[in-house]
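Colleague: I would like to learn how to read a structure step by step. Could we go through one together, taking the general idea before each case?

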Amino acid sequence: MADATLTFDEAMEQFDPVLGFEVHVELNTKTKMFSSAPNAFGDDPNTNVNEVDLGLPGVLPVVNKAAVESSIKIGLALNCEIAESCRFARKNYFYPDTPKNFQTSQYDEPIAHDGWIDIELEDGEVFRVEIERAHMEEDAGKLTHLGGAAGRIQGAEYSLVDYNRAGVPLVEIVTKPIVGAGRRAPELARAYVAAIREIVKNLGVSDARMERGNVRCDANVSLMPKGATKFGIRSETKNVNSLRSVEHAVRFEIQRHAAVLAAGAKVTQETRHWHEDTRTTTAGRPKSDADDYRYFPEPDLVPIHASREWVESLRAQLPEPPAERRKRLKTAWGYSDPEFRDVVNAGVMDAIEETISAGASAAAARKWWMGEIVGRAKVADVDPAELGVSAAAIVELNGLVEGGKLNNKMAGQVLDGVIAGEGTPTQVMEARGLVLVSDDGPLLEAIDAALAAQPDVADKIRAGKVQAVGAIVGGVMKATRGQADAGRVKELILERLGVSA
Amino acid sequence: MNELITSTAAQLAAKLSAKEVSSEEVTQAHLDRIGDVDGQVHAFLHVNTEEALTVAREVDAIRAAGGEDAAGLHPMAGVPIAIKDLIVTVGQPTTAGSRILEGWMSPYDATVIKKIRAAKLPILGKTNLDEFAMGSSTEHSAFGPTRNPWDLDRIPGGSGGGSAAAVAAFEAPLALGTDTGGSIRQPGAVTGTVGVKPTYGAVSRYGAIAMASSLDQIGPVSRSVLDAALLQELVGGHDPFDSTSLTDSFDTLAAAARSGSVEGLRIGIVKELGGEGFQPGVEARFRDAVELLRGAGAQIVEVSCPNFKYALGAYYLIMPSEVSSNLAKFDGVRYGLRVLPQDGPLTIERVMGATRAAGFGAEAKRRIILGTYALSAGYYDAYYGSAQKVRTLIQRDFDAAFAQADLLISPTAPTTAFKLGEKLDDPLAMYLNDVATIPANLAGVPGLSLPGGLADEDGLPVGIQLLAPAREDARLYRVGAALESLLEAQWGGPLLAKAPVLGTEKTGGVK
């Protein structure tokens, strides 16, 4: 039976939402968290495993130093404290995707804690999200349940397990409760996960592909009556693995909780499964704070000491944070808010930066990328960068136009040639015989012919209706098969008619 | 009895390199002895005849060919060895003494096995143990008990009763054991052999099936202190596969054993390791040993370790806690035994439950349940947390004691070998047998047990334990070898020469 919901507006009239997120980030280290087996996606099942990943009798874990470095970088990027000493612990529970029947994780001593991140929504409103901790752990294997209707372990006839993912390094980023988002909670949820994804991708520590599960989100939602300070009972929607789903899941849970509470009932503390097709959640297993994982310090590993020198050397390696970089570039380029947002949304910010540093002006770079290349990419259904237009080619092309060698229309044809692999803009221009008619003699002939063909227009222009010049320019361009500089043509027409522009 | 089986490993190594005997002869002699007496002793769970002889012949061939390969042979090459069946080996089953692993073949070798193979010691087979090394008598083996060569009605100690009995019965000159609370030293004591628990981290644990990770340590079992030193040097050293392994080099152990002296050393008697619960004959032999050391120039002092009385209690919380987690992997999903429930639905939980119910013995279950309880929310601080604090106190007791003494001495076990079945129904009585050995595991310090003679009341071997500060394993071997030579001078030869005759040997006396 489907859960009752209030509308989002109804929910927001009565309640304040409180959010919390646990985002798991798979690191892209060469090997696993505790073994030398490859950390790779998409290979045949149970091929990227060794005796450690399978939990065979007698094996011992060894910590992957690269994974620790990546974890520290994530902690630093989230403005966290990095613990001078931290430990791993065992989280004990029986489940067949966990080869040892315990997960080696961090419990009371995470590597990073007490950070924050500013999340900017589309209209520029900024929310600060406090980070409780970021800790290291290992991923579990992947189970595929067959023979049952729901694809879940209950009711399955049999299950297949692939341990390739078992032992893949994970960093789990846990927020403190997020209050005060109000009706922007669903948007904030999406923007938060997007920001985490962007940060880990920018750090180079994760492939950050949500569709492959590199970034996975568990979203906690609770409601409290408007103005209250005591949090309500929360639900935890597991594995919401796209940005759109995060937004929808939070919205749905707010509406579902609101209906429960408005009816005077209590929200059940439980995990929820997200269903993309219906954009709803269904009950998972009851979850209480008394879940007993019998955590204790991992006796097979020694504590990790992160010396301040090491942490500072990693801090020095951090790339500029994405949000700060955007702010800096927007100011430097002088784009308006909507112009810059379009650039970001089109995914050509990096390309424009490169084009500018290759010598183009900010305005020219935007004109070429947003005006010409993005549209062509859309038609070809590829990312703009994949069209293979180099920054140098754009600078060259732009120079040809500004130098009066090409007009805009011809430049578009040259760009097509560059994309088709016909060579540099100059080579394409020459090969295709695209030469701007710049000798005034032939142009004047064409202008006189055009004026003679449209005497009424000529009269209008003489009478001061300068904007009518377009019709004459059009005639000239047609006569020269487009190979004329429209600006120069206009000048000559006005000169001919004795009108000043 | 054939001199090839009564020789020490050091003697065999010398004879082999002098080409007085071949490794094949030595290995065959031990295989013959196993065939002759193991029906009575039951030290072995698996005998590795073919591979052992293949390795032996290979050593002989290399030695016969001479040249660089022969010169490059490890000094111990060709000396056979037995392996406790808790240590994984390619090509032989590894059971941990449990039904749950019956028939399982490891696809990888433990680090110590890699080193043994590299040094070309023929592996005679795998020795019996209490299930997952949980016990002090080997009676908790799923495959039947091992018997003490001194009296077949008595226990050989445990958990490493198989390795100790194999060495005591001349079935192997050397063996590897594991020691979590005394599983190398206590069997050594009750079988009249030498057993050493090295400093925690001195020998890689990679490939030793974990019982209690923070306490487990692999170590040598032998008939002489020098042999134990040679074997620890061979298998020890840093291992990148074991994060708890030390980077220290332990390469002066055999030299220490050869230098054996006690002159000027301060040796501390631990006041708390004696008295009530200790058999008079054990205490008598212990006092004799102390007097011998005093006579040889050692300064004897008394030290107090007041927190040792809490050691057993702390041990029986920490060890089962780690056991409950370490043994969780045995669930029938990936390897080993899988039992389907008799009736009712076939779910993963129920298959895991049925497998573990059928596969684990009573003592393993007892410890899993104890440990699960001790780690539970609400009990963790009172049990596991308190036990860890006691562990710190015991480490401080050792620190204080080693400020007064270079080395500590005690009886290894409070009694000589008890009768099979005697303590099987009384776990607490069984646990008390490890009262003197457990503190070393809790503190990570090394301990050595060597034969101290026979108790007057039952004529059975008594063990003397030496304890040194962490990383000072060499000190144990130096003093152990000195005491051994003083004692053997009194006895007119090794203590095992007094052991009863086994098998088809008709002539009696040992050469």
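Predicted model: local features only at pLDDT ≥ 70, side-chain atom pairs only at ≥ 80, totals over all residues.

Modeller: Let us begin with a definition: helices (H or I, at least four residues) and strands (E, at least two) are DSSP runs, numbered from the N terminus. Residues are numbered from 1 along each chain as its sequence is written, chains are lettered from A and ligands numbered from 1 in the order in which they are written, and side-chain values use heavy atoms, with hydrogens and water left out.

Colleague: What joins Gly158(B) and Ser159(B)?

Modeller: The general idea is that most residues other than glycine have a negative phi, and most peptide bonds are trans. Here the bond between Gly158(B) and Ser159(B) is a cis peptide bond, with omega at about 10°. In the loop between E3 and H7 of chain B lies also Ala133(B), which is not a glycine and yet has a positive phi of about 70°.

Colleague: Is Ala133(B) buried or exposed?

Modeller: Buried means under 20% relative accessible area, exposed over 50%, and partly exposed in between (1.4 Å probe, protein chains only). Ala133(B) is buried, as its relative accessible area is 2%. In chain A, Asn79(A), which is not a glycine, has a positive phi of about 60°; Asn79(A) sits in the loop between helix H2 (65–77) and strand E2 (81–82), and is partly exposed at 32%.

Colleague: How many residues of helix H7 of chain B are buried?

Modeller: In H7 (residues 161–168), 8 of the 8 residues are buried, so this helix is largely enclosed by the rest of the structure. Among them are Gly161(B), Ser163(B) and Val167(B). Just after H7(B), Phe170(B) takes a positive phi of about 60°.

Colleague: How should I read the radius of gyration of each chain?

Modeller: The radius of gyration is taken over C-alpha atoms, and the globule rule is 2.2 Å times the number of residues to the power 0.38. For chain B, with 511 residues, a compact globule would have a radius near 24 Å, and the 22 Å of chain B agrees with this. Chain A has 16 helices and 17 strands. The radius of gyration of chain A is 31 Å, well over the 23 Å that the rule gives for 501 residues, so chain A is more spread out than a compact globule. Along its principal axes, the C-alpha trace of chain A spans about 95 × 55 × 50 Å, and that of chain B about 65 × 50 × 45 Å.

Colleague: How many residues of chain A are in contact with chain B?

Modeller: Contact means heavy atoms within 4.5 Å. By this rule, 32 residues of chain A are in contact with 39 residues of chain B. Buried area is the accessible area (1.4 Å probe) that two parts lose on being put together, summed over both, and for these two chains the value is about 2,700 Å², 60% of it on carbon and sulfur atoms. Pro57(A), Leu60(A) and Arg294(A) supply 23% of the area that chain A buries against chain B, more than any other three residues.
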